[in-house]
Amino acid sequence: MPIRELTPVAGETYDPSQKPPSFGHPLKYYFALDEDYVNLNNGSYGSQPLPVLYAASKLGYEIERYPDRFHRIGYKPLLVKARQNVAKLIGAEADEVVLVPNATHALNTVLRNFEWREGDVIIRASTTYGAVANTIQYLADRSEQPRPEFVTLQYTFPLTHEQILDIFRAKLREVKQARAQTAFTDVPPNSPGHSEAIRGQGNKLIAVIDSITANPGALMPWKEIVRVCQEEGVWTVIDAAHSIGQEPNINLSQSKPDFWLSNCHKWLYAKRGCAVLYVPKRNQYIIKSSIPTSHDYVSPTSDVAKTKGTKFVEQHEWTGTMDLAPYLSVTDAIAFREWLGGETAIYEYCHKLALDGGKRLAEVMQTRVLDEDGELTVNMPNVQLPLPVEKTKGEIYTHDQLVKIYFFLQEKLLLEWKTFAALYFHGGAWWCRCSAQVYNEISDFEYLGKAINALCKEIKENVLADKVA
């Protein structure tokens with residue numbers, strides 16, 4: 001029987017020769033959001049435009065018409081194009097980037113490929129994303145040796161970039177001074193003291209650094225931290241889960257981190273799940289295996305390894321049968337962004353809305369924004385909730401109360417008020433992290449404030465009745 005042709009409905013296609021609608025609510029026409037849902041949480045899962053979803057669905061039908069042709073031949077040039085497009089956005093060479101399911105997967109690919117030695121140290125932060133922190137914990141917990149240890153530096157916001165750098169430098173000095181007898185000679189190829197003759201020998205320091213922390217949603221001075229690490233012989237793994245499509249002026253060839261990874265399905269509009277992993281050619285010898293191990297795995301002891309290295313790109317082209325549509329949707333996502341006006345136009349609208357919307361939300365709730373001068377804010381403003389603030393841990397909130405408040409807010413916001421922003425407890429106070437996207441306007445922030453005010457009133461009257469009487 002003939003395979004039916006997909007027919008696009010309203011919003012699923014656009015004419016590149018025609019001017020797009022203005023930023024704000026008119027652009028909701030091109031997103032699948034429920035009409036009455038006020039989405040201020042793009043940062044968690046992303047919001048895919050209808051034309052991107054339609055293109056992915058159409059591709060799915062094309063695949064099923066001739067599965068062998070696509071999986072054996074057809075997908076490769078499409079995947080190459082997707083890698084080329086994303087590489088151009090982040091200032092990298094195409095053969096330095098591969099696509100993987102998500103940022104956590106990418107980070108595990110990096111950390112699980114290092115050859116660990118007793119005495120190796122990983123530096124993480126109190127704000128490191130949960131699954132990333134747990135990956136580091138797992139590596140230190142493994143029963144088999146050798147295994148690394150880890151140290152955690154404490155960030156309590158608000159902080160300036162200068163303060164963040166001071167905290168990082170102080171922790172790095174502390175780590176080295178406490179291990180004065182350890183020879184940290186396994187340093188990155190672009191650090192002083194690197195020698196090919198002793199590559200991989202001795203101990204190493206690895207810093208897992210956020211470009212934008214998850215909670216709070218704060219832009220970190222990651223490029224400056226990378227420079228400090230290069231000077232100090234520390235390997236850098238940049239968890240940039242929120243960066244691509246949100247952070248402007250990403251130029252990895254210039255900033256030169258050792259590893260960098262970002263979700264394409266959050267701010268770039270690609271289909272879930274899709275992330276980019278950047279490994280410069282100088283460091284691809286570290287990535288011996290994709291996760292899972294590919295048909296193109298090259299044993300380091302083989303003759304192939306002497307001429308082709310680890311075949312970093314080839315390994316990640318096929319790691320088993322999976323839906324490749326999310327990876328290939330990168331090309332359609334970038335094309336849609338270009339139609340909207342390009343990266344600069346999108347950033348300028350969302351950034352201004354984040355600053356203005358955060359301030360307006362703080363006015364509605366009669367609280368404050370975390371980042372008053374805007375240094376930490378890209379498109380995710382952080383605003384304090386109208387709930388009591390404790391000066392010492394446990395002064396107001398028990399652990400059970402914190403959990404109860406979180407799930408109460410989550411359920412009520414999503415199911416009754418039909419809106420959401422990320423919620424978290426930090427520095428003794430409750431906060432929300434909003435996401436300013438091209439389809440949002442100031443009124444969305446005002447509506448969220450109205451919802452949170454009503455819910456926090458309930459919390460103070462019920463959960464915290466004995467604390468605010």
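This is a predicted model: local features need pLDDT of at least 70, side-chain atom pairs count only at pLDDT 80 or more; totals for chains, interfaces and linings use all residues.
Helix α7 itself spans residues 222–232, and its buried members are W222, I225, V226, V228, C229 and Q230. Just past the end of α7 comes G233, whose phi is positive, at about 75°.

Let us turn to strand β3. A125 sits in this strand, which covers residues 121–125. Leaving aside residues up to four places away in sequence, A125 is in contact with T152, L153 and Y155. E411 is 286 residues from A125 along the chain, and the C-alpha atoms of the two are separated by 30 Å.

Now for the surface. A patch of negative charge is formed there by E162, E372, D373 and E375. Within this group, E372 belongs to the loop that runs between α12 (343–365) and β9 (382–384).

| Residue | Relative accessible area | Class |
|---|---|---|
| A125 | 10% | buried |
| E372 | 62% | exposed |

Why is A125 called buried? Its relative accessible area is 10%, and buried means under 20%, so A125 falls in that class. E372 counts as exposed because its relative accessibility is 62%, and the cut-off for exposed is over 50%.

How values were computed
Residues are numbered from 1 along each chain as its sequence is written. Side-chain values use heavy atoms; hydrogens and water are left out. Patches are made of residues with over 30% relative accessible area and no salt bridge: like charges are joined within 9 Å, nonpolar side chains (Val, Leu, Ile, Met, Phe, Trp, Tyr) within 5 Å. Accessible areas come from the Shrake-Rupley method with a 1.4 Å probe; for residues, only the protein chains shown count as cover. A salt bridge is a side-chain nitrogen of Lys or Arg within 4 Å of a carboxyl oxygen of Asp or Glu. Lys and Arg count as positive and Asp and Glu as negative; His and the chain ends are not counted. The place of a charge is taken as NZ of Lys, CZ of Arg, CG of Asp or CD of Glu. Helices (H or I, at least four residues) and strands (E, at least two) are DSSP runs, numbered from the N terminus. Buried means under 20% relative accessible area, exposed over 50%, partly exposed in between (1.4 Å probe, protein chains only). Contact means heavy atoms within 4.5 Å.
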